[in-house]
2 protein chains.
Amino acid sequence: MVADDLTYTWADFILRVSRLAGMLEGLGVRRGERFAILARNTVRHYELLHAGYWLGAIPVPVNVRLAPPEIRFILEDSGCKLLAVEPAFLDLLETDALEPWRKNALTIGDPRYEVLLAEASPPPLDDPREDDDAILLYTGGTTGRSKGVRLTHKNVISNGMQCVAAMEIRPDDVYLHVAPMFHSADLLGTGYTLRGAAHAFLPQFSPKALLAEIQRARVTVMMASPTVIIVTLQEPDFDKYDLSSFRRLFYGSAPMAVEWTRRAMERFPRAVLQQGYGLTETSPILTTLDADQHVAAVKNGNYDRLRSVGRPLMGLDLRLVDDDDNEVPRGSVGEIAVRGPNVTGGYLNRPQETAHAIRDGWFHTGDLARMDEDGFVYLVDRKKDMIITGGENVYCTEVEAAVYQHPAVHEAAVIGVPDERFGEALLAVIVPAAGQSLSADELVAHCRGRIGGYKIPRRIALMKEMPKSAMGKILKTELRKMFTAASPAVPVDVAADAPTRQKVDLK
Amino acid sequence: MVADDLTYTWADFILRVSRLAGMLEGLGVRRGERFAILARNTVRHYELLHAGYWLGAIPVPVNVRLAPPEIRFILEDSGCKLLAVEPAFLDLLETDALEPWRKNALTIGDPRYEVLLAEASPPPLDDPREDDDAILLYTGGTTGRSKGVRLTHKNVISNGMQCVAAMEIRPDDVYLHVAPMFHSADLLGTGYTLRGAAHAFLPQFSPKALLAEIQRARVTVMMASPTVIIVTLQEPDFDKYDLSSFRRLFYGSAPMAVEWTRRAMERFPRAVLQQGYGLTETSPILTTLDADQHVAAVKNGNYDRLRSVGRPLMGLDLRLVDDDDNEVPRGSVGEIAVRGPNVTGGYLNRPQETAHAIRDGWFHTGDLARMDEDGFVYLVDRKKDMIITGGENVYCTEVEAAVYQHPAVHEAAVIGVPDERFGEALLAVIVPAAGQSLSADELVAHCRGRIGGYKIPRRIALMKEMPKSAMGKILKTELRKMFTAASPAVPVDVAADAPTRQKVDLK
């Protein structure tokens, strides 16, 4: 662990984690029971996760940006016995929703915590079966009722081993936890633990903080969303930091425009780029577009390849299926279905949703994709995000790719809105580049020739900022709420200075 | 596949293997049934193994050096439906023991084979459960009644993934199959298949053939026994070959004298060295002593470390236990017990031996070892090879390490022989270096001060050649037969030109 305030060896980690396990036990958490963690990315957060593994208790890391009633729902749905809270989030316990949890709360790192830890003695190391739950992660926490994804020891370790191969993890790596540790993306760190590499932690993102931490901890690798990468690449002081240790930039959770991929390759000349696609339900990685494929794509001008999320990891099966679960022909769009040792057995307390997602041993991701002749997977859209307009299927990402090519577009999202004539019509929600604007006519003219006429959005809405998840994903569900439920008559032009209805910081 | 006579892509491999599966099915082999392969290391051998996997039939590769009755025992014990034979071994079918198998034999690569293959159509790819048998490998085939070790798909794939990490396998590797493909050591190739690397094959070992194949196929990595390595290093034409592609020398199955390790590092300056320890029952690798540990040991003069087989692979548990299955204190000798996804569920038709070996979920290897403070494992001896003399436990390998330091010793093995006074006495069986000899008195003088007095062999037997297994392991069971059963009065000095009673070529 090479945290800013706490640097020690794996042997020390074992000592601390084992005593922490004793402390959890002393606070009434038993084997097979759950406890929640509400904390940013810190070494103490990582210790708590492993204290759970040591004890055989199941950690439930909770999204720190949820509203108190949402947090309470998770605590109750999972039946947590304890809530470990970072001091920065103690005010949440003052809310009505979380007031009942004050008596079961543990403040991470405060004097009581340190005394309890010092007094605790290690319980025996738990000896789990491979199908015992290791961790419970909630998905969809920012929109709608969230589901707890049960990930077993086998799930987590298997994906760790798959990542060791795919990311060529070495014992001398230093992995920086940038993605929030309550998010499945953080499970990418498992491979680094398996190989005995070092861990560093970024509690709060800013471009300067990220670059300074790479320099300080001699970070070699991180996983970050395109938004984090793009903002960091634009940092004026970028060149002042010593990034010579950095050798692998893993990005995912959303596509990144080719221009930014190329720029990242230029600005991190010692580092290789790798893209990954996965889900909480798959612990998390399913496919990677590897370093040599990035180099070849740029060298050959084959930018289409950079839009691929790559090929499946070894040790798992991936296929694209139609609504009847038949595999679609190569090149056609189908839903991604997967099976493998890293794939969840289902959701907590949701037998129906589990049965719907896992059919005949295959987990159905809800993501639509195409596969090319070489087996590269191209995400097309969320199954439920596909728009049917005038009887035609339109995949939003394809439209967005065209929209993104307009120089005035900083960010774009295409959604379907109710339309009397076509059933659904396409609305392009756009954050313009600084100081620029864009009209619906200009956008239509731009798209003409790039994509088929029925795919061109005739309606446009300009916004200052997009609603986003903690991982930087644009929340289309929020956009749909804003532009359909609230106003059946969709505004054709929203002033660029219109207030954004939801503002979610990217971690 | 970059075989000498057949070079093609993985896509072609799939096509050939799938049709081969159809051919096996046409010859009456069904899913869940077994078929034997009697062949040297060739691409066709590798195709047949995978045709079994495709069909869901279980290949049984058979040691080509066994006597016909031993082969027949394996064919009957495993209930094979078919025997695929390389033309070079067809004469075995002329023996009385194997005559009944002539009607179920398939000659690999002959005109009938090629016609059948061309006419075959691929059956559906088998969809095994992870606990279905993948391959059946017989152990102990050169001495006594052999046991069929059942290895499941999970076993084989898990060790493949463990090796991908431990051996840092890359898609651009070229793996040369040097260890016999009927031996579990060949399962090391699994990781290379998982990563889509290339395979080359050495049907018949000689130093020149090995070096020529490295040069021809641009081999990057191989697994070889110390004997193969030592003989190759002594090849006078060594420097005439282009070995620039070669980057990893993996050795195992027996300890290698430090001098040879250093020499190997000098003669393969572009390659790293790695040692491994494992068993057929563990698919096969359990521990590795890695490249950086070799470099550090030589740099620091810490040659003791080079006698370690390293540390356990990730994803498995290894501990040293006493006869009551209690873990022994660090530094003490215990039997190696292991569990993990790569560990067999047991032997075919041997419920008693299975129950004896697998107790409380742990497989007992029968190997004795010590573990140092850093977790490095030092093999001490086979459990049954430990000698009790005058009430003291003596581990033969420790004695052998001392004996090997005498310059006149080329190869040495220490065994226990009956002794009226001490119960057992130590006998050093020695193959002297060319043109040299050694007396018991000289050996005693040499050992004095190196090891405790009760560990010094007072008896010595000189031989021209050691009985060895196909992997180059000295067969102590054979030595014991030679020096105890046959002659209770053990010869104190056997003339160096005495006939060896068993001569087994190293492949």
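Over which residues of chain A does pLDDT stay under 50? I looked this up before anything else. The answer is residues 486-507 of chain A. For that stretch the model has 40 contacts beyond four places in sequence.

**Confidence**

I noted that this is a predicted model. I then checked chain A as a whole. Its mean pLDDT is 90. In chain A, 93% of the residues reach 70 or more.

**Overall form of chain A**

I asked what radius of gyration a compact globule of 507 residues would have. Next I looked up the extent of the C-alpha trace. Along its principal axes, chain A spans about 70 × 50 × 50 Å.

I went on to the secondary structure. Chain A comes to 15 helices and 24 strands.

Then I turned to the domains. The assignment for chain A gives domain 1 as 9-127 and domain 2 as 386-485. I looked up how far apart their centres lie. Taken over C-alpha atoms, the centres of domain 1 and domain 2 of chain A are separated by 42 Å.

**How the two chains are related**

What rotation superposes chain A on chain B? I found a rotation of 180°, with 0.0 Å of shift along its axis. The RMSD of this superposition is 0.1 Å. That is the relation of a two-fold axis. I wanted to know which C-alpha of chain A is nearest the axis. It belongs to Ala165(A), and the distance is 2.9 Å. The same surface serves both copies: 100% of the contact residues of chain A recur in chain B.

**Where the chains touch**

I looked up the contacts between the chains. Eight residues of chain A are in contact with eight residues of chain B. Which helix gives the most to the side of chain A that touches chain B? It is helix H5 of chain A, residues 153-166, with four residues. I sorted the residues on that side of chain A by kind. Six are nonpolar, one is polar and one is charged.

**A three-stranded sheet, chain A**

I picked one sheet to follow through. In chain A, three strands form an open sheet in the order S5-S6-S16. The pairing is antiparallel. Strand S5 (133-139) and strand S16 (346-347) of chain A are the edge strands, and each pairs on one side only. I followed S6(A), residues 147-152, across to S16(A). These two strands pair in the antiparallel sense over two bridges. I also looked for a residue pair. Val149(A) stands opposite Tyr347(A) in S16(A).

**The sheet in chain B**

I turned to chain B. An open sheet of three strands there has the order S5-S6-S16, with antiparallel pairing. Its edge strands are S5 (133-139) and S16 (346-347) of chain B, each pairing on one side only. How many bridges join S5(B) to S6(B)? I found six, and the two strands run antiparallel. S6(B) covers residues 147-152. Asp133(B) stands opposite Thr152(B) in S6(B).

**Backbone details**

I searched for cis peptide bonds. One joins Ser283(A) and Pro284(A), with omega about -10°. I then looked up where Pro284(A) sits. It is in the loop between strand S11 (272-278) and strand S12 (285-289) of chain A.

I checked chain B as well. A cis peptide bond joins Ser283(B) and Pro284(B), and omega is about -10°. Pro284(B) lies in the loop between S11 (272-278) and S12 (285-289) of chain B.

My last entry is on a phi angle. Arg218(A) has phi near 55°, which is a positive value in a residue other than glycine. I found Arg218(A) in the loop between helix H7 (207-217) and strand S9 (221-224) of chain A.

Note on methods:
Residues numbered from 1 in each chain as written. Chains lettered and ligands numbered in written order. Predicted model: local features only at pLDDT ≥ 70, side-chain atom pairs only at ≥ 80, totals over all residues. Least-squares fit on C-alpha atoms with pLDDT ≥ 70 in both. Contact = placed C-beta atoms within 7 Å. Nonpolar A, V, L, I, M, F, W, Y, C, P; charged D, E, K, R; others polar. pLDDT = per-residue confidence, 0-100. Domains from an automatic or database assignment. Pairing = 2+ DSSP bridges. Rg over C-alpha atoms; globule rule 2.2 N^0.38 Å.
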